[in-house]
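Good morning, everyone, and thank you for making the time.

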Amino acid sequence: MSQEENPMDVFTAVLTRRSAKRLVGPAPGDEEFRYLLQTAATAPDHGVLRPWRWILVRGQGLHTVVDGLAEEDPAVPRQQLVDKVVRAPLKAMLVFRPRVGHRVPEWEQLAAASAMTHALLLLLHARGYAAIWRTGRLCTSRTLPGTLGLADGERLLGALDIGSPDPASGPQRRRSPVDVTDHVATLV
Ligand SMILES: Cc1cc2nc3c(=O)[nH]c(=O)nc-3n(C[C@H](O)[C@H](O)[C@H](O)COP(=O)(O)O)c2cc1C
């Protein structure tokens with residue numbers, strides 16, 4: 001589907017996107033994910049460093065992640081890990097790989113990764129998919145970086161659980177814009 005065939009305007013996309021805890025199939029395939037990422041990657045990025053990459057985990061890969069987490073923390077019931085990890089058809093792991101010592105400080109590179117991720121969430125939503133950004137155990141695990149083959153200096157910023165909206169969850173209502181009175185000032 002081209003962008004022209006997908007006419008959701010940006011206000012509608014922003015106000016109707018909701019993070020979805022319950023996801024069903026389908027999720028975008030690797031090619032469609034790349035297609036959306038090509039656009040999300042145009043988000044503001046000082047120095048155009050693109051200091052991030054995604055690792056798409058699906059199917060048996062999700063169980064490999066569970067295996068690693070279970071080995072790391074045998075006290076946690078395996079089913080609890082399965083429930084957490086295998087609840088989405090696609091887990092897109094967000095890897096941050098800052099350029100150390102670059103004139104663009106690390107916090108700006110992190111901001112660029114966040115901007116790209118929000119753009120991707122909006123594009124997924126505009127395309128009819130649902131997603132949620134999750135962190136938690138994914139970011140503290142000692143074994144997951146090895147399971148995913150992260151290089152030195154790379155770290156996980158969590159994952160987007162991606163799928164389609166669960167029809168049982170009902171339609172998402174359009175949100176109202178937020179009262180930002182206390183969040184903006186003017187200096188003239
Ligand atoms: C960096 C980041 C990490 C997050 N981690 C989690 C998480 O681990 N678990 C969770 O339930 N929500 C997490 N959230 C919040 C959800 O992604 C989502 O923003 C929140 O549920 C509000 O829903 P909304 O996007 O529909 O407003 C995180 C959000 C961000 C930006």
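Let me begin with a question: which residues are linked in a network of salt bridges? Please keep in mind that what we are looking at is a predicted model. The network is made up of R87, K91, R134 and D161.

Now turn to R134, which you will find in strand 4, residues 130-134. Its relative accessibility is 18%, and because buried means under 20%, R134 counts as buried. The side chain of R134 makes a polar contact with the side chain of D161, at 3.1 Å. If we leave aside the neighbours within four places in sequence, the residues in contact with R134 are K21, R87, L157, G158, A159 and D161.

R134 also brings us to the ligand, for it is one of the residues around it, and among the others are R17, W133 and R175. How does that shell divide into nonpolar, polar and charged residues? There are two nonpolar, three polar and five charged residues. Looking at individual atoms, a polar side-chain atom of R17 lies 3.0 Å from an oxygen atom of the ligand, and a polar side-chain atom of R175 lies 2.9 Å from a ligand oxygen. With W133 it is a polar backbone atom that is 2.8 Å from an oxygen atom of the ligand. On its own the ligand has 620 Å² of accessible area, and the protein covers 57% of that.

In one of them the side chains of D166 and R22 meet at 3.1 Å, N to O. D166 lies in the segment after strand 5 and R22 in the loop between helix 1 and strand 1, so this pair ties together parts that are 144 residues apart in sequence. Another joins the side chains of D30 and R58 at 2.7 Å, N to O. Here D30 lies in helix 2 and R58 in strand 2, so the parts tied together are 28 residues apart in sequence.

Notes
Residues numbered from 1 in each chain as written. Predicted model: local features only at pLDDT ≥ 70, side-chain atom pairs only at ≥ 80, totals over all residues. Heavy atoms only, no water. Near = heavy atom within 4 Å. Polar contact = N/O pair within 3.5 Å; in protein donor to acceptor, adjacent residues only side chain to side chain. Areas by Shrake-Rupley, 256 points an atom, 1.4 Å probe, with all protein chains shown as cover. Nonpolar A, V, L, I, M, F, W, Y, C, P; charged D, E, K, R; others polar. Helix = DSSP H or I, 4+ residues; strand = E, 2+ residues; numbered from the N terminus. Buried < 20%, exposed > 50% of the residue type's maximum accessible area, 1.4 Å probe, protein only. Contact = heavy atoms within 4.5 Å. Salt bridge = Lys/Arg side-chain N within 4 Å of Asp/Glu carboxyl O.
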